[in-house]
Amino acid sequence: MEFLLDTIHLDDISKAIATLPIAGVTSNPSIVKKEGPVPFFEQLRQVRQLIGPDRTLHAQVVGRTTDQMVRDAHTILAEVDDTVYIKVPTNEAGLAAMKQLKSEGVHLTATAIYSEFQGRLAIAAGADYLAPYVNRMVNMNVDAYAVIGRLADQIAREHASTKILAASFHTVQQVNDAFAAGAQAATMGVDVLHTALTNPAISNAVDQFTEDWESLYGAGETVTSLLK
Ligand SMILES: O=C[C@H](O)COP(=O)(O)O
C-alpha cells in the first residue's frame, strides 16, 4: 500500500515525509498552478532532493498531440531526472505517446482516468500506474470503486505489474474505499492526511492516557521518567 502526496509545495512535502510513510509525490498542471509561477524544473528538482531516490516522483506532460507529449516527457526526464514517472492523459494522443515512451523504457503513469475502459487501455499500453479520479467520478455519478475493483481484478488475472494509483480525493473515506476496492496506491493533498489524523477522538484519547499516567506518577512524567 502506498500513500503519495498530490502537491509540489516544498514545505508541505518536507513536513509530511518527516512524519508519515509517504511513497512519493504526484503533480499535474493544476497542482503547479496552485504554487504560482514557480520555476517548474527547479521546483521538481527540489522535490526530488527532498524525497530522495527511493520515493516516486510523477510529473505530467502538457502537449495536446502525441509528439508534444513525447517531447514534454523527454524534457522532464532530461531536466529533472530519468526516473520520473511521466503522467500521460489517457486519451488517444496520450495512449499513442504511452506506446512510444514505453518502448523507450520510460516509467508511465496513465492519468485522467474516468472510466473502466480507459483503465483497461492503459493496462494494455503497459502503464506502471493508473490514476483513476475518484472524487471526480463520484461527482459524475460513476461508481469509482467498482471501476477500481474491476481494473484490480484484471491486473491480478493477467499478473500485470500495473498498479492503481487512485487520485482526486476530497475525503478520508474516499481513500479508504479506494484501497478497499483494490487500489495499491493513493495520492492526496496534505489536507486529507491532516483531517484523518486530527480527529478529536484521537486527541481526546491521547489526552486521557496522559492524564491517567500523570495522576499516578506526577505532572509532566513519562514512561522514561520511571528510570530516574
Ligand atoms: O492528479 C489528479 C488530481 O488528483 C485531481 O484531483 P482534483 O479532482 O482534486 O483536482
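Figure 1. D11 is partly exposed, at 42% relative accessibility (buried means under 20% relative accessible area, exposed over 50%, partly exposed in between, with a 1.4 Å probe and protein chains only). K15, with a relative accessible area of 53%, is exposed. In this predicted model, the closest N and O atoms of K15 and D11 are 3.2 Å apart, forming a salt bridge (a side-chain nitrogen of Lys or Arg within 4 Å of a carboxyl oxygen of Asp or Glu). Both residues belong to helix 1 (residues 10–19) and are separated by four residues, about one turn of the helix. Helices (H or I, at least four residues) and strands (E, at least two) are DSSP runs numbered from the N terminus.

**Figure 2. Salt bridge between R150 and E116.** The two side chains meet at 2.9 Å, N to O. Because R150 lies in helix 8 and E116 in helix 6, the pair ties together parts 34 residues apart in sequence. R150 is partly exposed, at 47% relative accessible area, whereas E116 is buried, at 19%.

Figure 3. The buried residues of helix 6 (residues 116–124) are E116, Q118, G119, A122 and I123. They cover an arc of only 160° around the axis, which puts them on the same side of helix 6; the arc is that of the directions from the helix axis to the C-beta atoms. These buried residues pack against helix 5 (92–103), strand 5 (108–113), strand 6 and helix 8, contact meaning heavy atoms within 4.5 Å. The face turned away from the buried side carries the exposed residues F117 and A124. Just after helix 6, G126 adopts a positive phi of about 85°.

Figure 4. Eight strands close into a barrel in the order 1-2-3-4-5-6-7-8, with parallel pairing; two strands pair if DSSP finds at least two bridges between them. Strand 1 (residues 2–5) is joined to strand 8 (residues 185–188) by four bridges, and E2 stands opposite A185 in strand 8. The side chain of E2 also meets that of K163 in a salt bridge (2.6 Å, N to O). This pair links distant parts of the chain, with E2 in strand 1 and K163 in strand 7, 161 residues apart. E2 counts as buried at 14% relative accessibility, while K163 is partly exposed at 29%.

**Notes.** Residues are numbered from 1 along each chain as its sequence is written, and side-chain values use heavy atoms, with hydrogens and water left out.

Methods
Predicted model: local features only at pLDDT ≥ 70, side-chain atom pairs only at ≥ 80, totals over all residues.
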